[in-house]
Structures are given as C-alpha cells and as structure tokens.
Amino acid sequence: MSPTRSTSPSTPRTPAQVAFVGAGPGDPGLLTVRASELLAAADAVVIDQVARHDVVERWCAPGTPVVDAGHGDHGENLTHASRAKLVVRAAKAHPGGLVVRLMDGDPAVFNGLAEEATACVKAGVSFEVVPGVSSVTAVPSYAGVPLTSASSTGVHVLVAGARGVDLTGALDPKVTVVVIGAPDKAAQTFDALIAAGRDGATPVAVTERGTSTDQRTVTTTLSSAGATMADGRFPVLAVVGSTVTMRETLSWFESKPLFGWEVLVPRTKEQSASTLARLQRHGAQAKVVPTISVEPPRTPQQLERAVKGMVTGRYEWVGFTSVNAVRAIREKFDEFGLDARSFAGLRVAAVGGVTAQALRDWGITPDLVPTGEQSALGLLEVWPAFDPDLDPIARVFLPRADIATETLVAGLQDIGWEVDDVTAYRTVRAAPPPASVRDAIKNGSFDAVLFTSSSTVRNLVGIAGKPHPTTVVACIGPATAKTAEELGLRVDVLAPVANADALVDALADHGRSLALAAQEAGEVVLRPSQRRPGSRRRAT
C-alpha cells in the first residue's frame, strides 16, 4: 500500500492571509505602525521593485523568507499577473500563516493592487490592505516642492508613457502635474503636454530615489524634462508647475548638514543603533564595520564567584563600564536562573547613558550615572568615597573587559573602596571586512569615520587599513584622538563631551561649516569623498 498524506484536523489547510502593506517611498521612518506590526508577525514577505531588505531586516523575525516580486530570474520587470501568481503561491506555501505583500509607496496608487487582490479572491486567499505614504505626495515634499499654493490650486497625476489620456485637466498653469512611472517613457508624456498646449518653459523638478539619503533633485523646464528624467536612477518622479520655483527656499531634506554622506562606523550593529539613527537624522547613511568580537573569559570561575557574591551580599556597589559588561552579567544570571530581583540591596553605577539604558532594558535603574564626561574618569568624579558610618560593605564589583585600563580601579581604591576587578568578557580583533569595504576605506569612498575609542582606531587600521586622507576623522575624546594621530591620521572633529550623540552632532557641525565655506567661496558644495582624485563630482 502506498503511503498516504496525513489529514490530521490540527494541520491548517487554509492558505495564509495576505496583507498588502504600503512600504512608503523609501524613507523607512515613513512606515506606519500597523505595517511594522504585520511585518513582525509575517511568515513570509513578498517585496516590490524597490529593494526593501533594510525594512525586512529591521522589522521581521530573523530568517523570514523573502520573495522578490519586482524582478524575474534574469532581472526583467515582472508583470502584474506574474506578481499576483507569486503572492498566491506564497500564501499557499504558508497555510494558516501571514504573508506580507510589501508594496512601494501606497498599495492603491500605481501598484497593481487591483490585479493582485483579485487573484487572491479567486484563489480563496483572504487579505487586508494597509495604506502607505504615497510617493506622489511624499517625494515632492522631501524635494521642497509643495503641490499646491496660492497660485496653484489643483493637482493632476499622470503615468509616464500612458497613451490616449485626456490632458485637458493638466494644461491650466494653475494645475501642478506629477509624472510618475518608467523614466524612459517620461519624454512621451512631457511632449504630449507641450503638444496639448502646456508652456515648454514651465519649471519642472525631477527627483530620483526620493525620501532616501540617495535623493537628488534637478530643476529644469518642461521641454528638457524628458532627457533629465530618463537619466535618473529609478525610481524617478517629476513635478511640473509654478510651485517648483519654491524649492530654492523650501528645500529642507537635501540641505541637511550630512546629506548623502557615507559614514563609516567601526562598532558592532548592536552598539551603533542610536548612532545610526542620529546620523540618519542629519541626512547621512552609515556602514557598520565591527572591529572587535566579544567572547567569554577563558576562565569563567572568577566571574561566576563574583555573580554569586552579588546575591550573597558580598558587594555594596556594582559598576558597569560598557553595554558588553551588562550583557555578560545578564547572560550569567540567565545561566544561574537569576533575574533583576537579585540586584536588591546593591547600588548600581553606569559609565554613561547607553550603558544605563541597557540596564533599564533589564529592569534595573542605575543609582549613579555621570552627567558630564561619560568615561571611567567621569564616573570616578561622581563616585562617593567610602564612609564606614554609612556604607555597611566596603567592596565594589567591576565586571569589565580583559583590556580595561586601571584608572577606575586605582581611583576607587584611593577613595577607600576595595575592588574586585573581574574579567567579564574578552575583546578580540574582528575578522577583516570584505575586500570591497577595505577598498572603499582606503580609496576615500567614505566621507567620514567615527571613532568611539582607541581600540576602534587600532583595530580598524589593523583589519582594514588607514582611511583615505580626504575622509573626515571624528573622535569621541582626546585619548581616542591621540591614538588616531599616533597612527598617522588627521583628526578633523573632536566631540565636546565623550558620548556618541555629541560626536555625531559635532560631525554635523563640521559638515555644515564645510558647506558654508564652499558657498561663501562661490564653489559647488561637495562631500569629502567627491574631493578625491577621479571621483564623480555632483552638486548637493
């Protein structure tokens, strides 16, 4: 007898539900709350023509399958019918689950929602639609071009290359026209507008990669817009009308101090989350290159004794000088079946805001965090001296890296404390980054590099080589800057206080000063990477 497939009633037979979710035009910050919730719960994601791997990586569970519905096996654009088949196939492959169909911009605007949703109905697949921010409105806003004004009171949207379209509503000078679609077909639409009676001298703003840090906007006229749009990198959108002249005053996105800068961040991704967000706020995009790898101590017995001493009342204070130290102790607590309640009766110190936040995420509010310099010296300045009348126990536990300096230990001993300085983790040099990244570092493709410690300087140079002389070097403090200079680097930016946010803001101030100096000299504003020999020079 041939084997039969199990028909257990507990096995779901219904295809997955499909959620058509608007991904917005490019800026991940424009994703809706509902979209993020569905992505977090997705069993599979079907993406559109614009690559959304950063969105998937940020919001989806690790390992979530991704299906490309934008392009075929040979890079060709898929038809709406082909995409619909992929969506239905994905739903049937995940019975009882959830498939997110992540669509560019808003699902209902030029995205084939009607065809794909109809295919789901025919296949018996249930669905919901989550609207997204449409590129029709978002991209002009990011380009500094309002769609309406006192002199322009209507909006007309055209698909590039569409034939047989009545253009009567797009000819009035008081109407703003938005052209969206295939850039190589845009010239047909612009020519048709001119032939129908729209003035060829009408101003046009052509924006490529709108709302991303790769955005670029060129202003031209209707008679020249076809060639300009065809030269743009997909996706491209054009705005035709009198409001384009307002861009010179209202351009807010492309005028950010670090707009378009590629910034190298030699830290782990976990350590860099707030730094990456702050760089993006200033208009930059970051490349994280880990320079160290964190590993357990070779002999864990001392750390295990110290953790048990925390529970048995051996210590008055526990001082955390890094997020890695918090993570190491938390892992030991998990291993021993302990939780944050074991900190009861202990006083807790954190070297700075990031470390303090890691403790709060664990449910622990630190008693001591320096308000000034966030370093071992800064922590030592605010640490109270031992007082036998007030402190029942004279001992401090410092879980730290194997390469930590003795500054904090010696300083605590000087003010009367006994210190158990215990190796909680080892830092070893990370593996070299890919050859393409090493080449980019050496040839000046990065506009800036952020160094947050001496070890990041030494390790980056060790695994990838020295940054190019045109690359702006920004250091978090004097000790880090000294190490950089000893290795032959020119330090351009020094943070006023030793924390990552201040370092990013100082780099933004530097970028602003470079742009201002170029403008005052009547020169084109160039990013540092555009100043190296052989680089493509494009105005920002």
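1. A word on classes to begin: Ala, Val, Leu, Ile, Met, Phe, Trp, Tyr, Cys and Pro count as nonpolar, Asp, Glu, Lys and Arg as charged, and the others, Gly among them, as polar. By that scheme, the lining of the second largest pocket holds 17 nonpolar, nine polar and twelve charged residues.

2. Please keep in mind that this is a predicted model, where local features need pLDDT of at least 70, side-chain atom pairs count only at pLDDT 80 or more, and totals for chains, interfaces and linings use all residues. Residues are numbered from 1 along each chain as its sequence is written, and side-chain values use heavy atoms, leaving out hydrogens and water.

3. Just after helix 5, Gly-144 has a positive phi of about 80 degrees.

4. The whole structure has 22 salt bridges (a side-chain nitrogen of Lys or Arg within 4 Å of a carboxyl oxygen of Asp or Glu). One of them pairs Glu-116 with Arg-101 (2.8 Å, N to O). Glu-116 sits in helix 4 and Arg-101 in strand 4, 15 residues apart, and both are buried.

5. Have a look at Arg-278 and Asp-505 too, whose side chains form a salt bridge (3.0 Å, N to O). Arg-278 belongs to helix 9 and Asp-505 to helix 18, so this pair ties together parts 227 residues apart in sequence.

Note on methods
Helices (H or I, at least four residues) and strands (E, at least two) are DSSP runs, numbered from the N terminus. Buried means under 20% relative accessible area, exposed over 50%, partly exposed in between (1.4 Å probe, protein chains only).
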